[in-house]
Amino acid sequence: MKTNLPTLPAAPPVALDPSVVCPPCGLCCKHVAVDIGAPTSVQGVSTALWLVYHRGVSIYQDHDGDWFLLVPTDCGNLLPDGLCAVYHDRPLVCRDYDVDGCEGTSAEPAEKVRFDDAASLVAWLARKRPALYRRCVEKGVVPEALRPRP
Ligand code: SF4
Ligand code: SF4
């Protein structure tokens, strides 16, 4: 996870500006996202498949084109009211997280593409990266059962 949780004002303002005030929804404290290499080679696709073979693990590409491993899991410091129990000593990655356009304030999904299982990843690869998909099949990293039927 990653977030920057400014303290809410004592009295609610007339209008909250989501670019400067964080409604403590806690969404950004409920997963871990780690940079991974893009699946742009046989090796990269094989690694991406290995990741999503694991239950509860997803991968996604963000709108900047970067790829991430995504594991849904609540941070142990997340309080029931959405605030952080270690706010003043929180990890640097949490401080760097920008509320502007975060998942709690943006209507746009964080993911450009997201894969929760191997079948959806292979189907996307076959459709969007057919040459790479064929190389992966030739190299034996795409099991028969996952290959889309023509
Ligand atoms: S340390 Fe605090 S801000 Fe960081 S993920 Fe955990 S609850 Fe959220
Ligand atoms: S997702 Fe956004 S609004 Fe929600 S707690 Fe995190 S920074 Fe705040």
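Visitor: Which strands does helix α3 lie across, and at what angle does α3 run to β4?

Guide: In this predicted model, helix α3, residues 118-128, lies across β2, β3 and β4. Its direction makes about 125° with β4.

Visitor: What makes the contact between α3 and α4?

Guide: On the α3 side V122, L125, A126, R127 and K128 take part, and on the α4 side P130, L132, Y133 and C136. By class, seven of these residues are nonpolar, none is polar and two are charged. Arg and Lys count as charged, so R127 and K128 are the charged pair.

Visitor: What makes β1 and β4 edge strands?

Guide: The sheet is open, with four antiparallel strands in the order β1-β3-β2-β4. Strands β1 (31-36) and β4 (111-115) each pair on one side only.

Visitor: How do you know that β2 and β3 pair?

Guide: Pairing requires at least two bridges. Four bridges join β2, residues 58-62, to β3, residues 67-72, so the two strands pair. As one example, I59 has L69 of β3 as its bridge partner.

Visitor: Which residues are closest to ligand 2?

Guide: Ligand 2 is surrounded by 13 residues, the closest being C22, P23, C25, C28 and C102. The shell divides into nine nonpolar residues, three polar and one charged.

Technical notes. Residues are numbered from 1 along each chain as its sequence is written. Chains are lettered from A and ligands numbered from 1 in the order in which they are written. This is a predicted model: local features need pLDDT of at least 70, side-chain atom pairs count only at pLDDT 80 or more; totals for chains, interfaces and linings use all residues. Side-chain values use heavy atoms; hydrogens and water are left out. A residue is near a molecule or strand if one of its heavy atoms lies within 4 Å of it. Contact means heavy atoms within 4.5 Å. Axes are lines fitted to C-alpha atoms, for helices over the stretch in contact, and angles run from 0 to 180 degrees between N-to-C directions.
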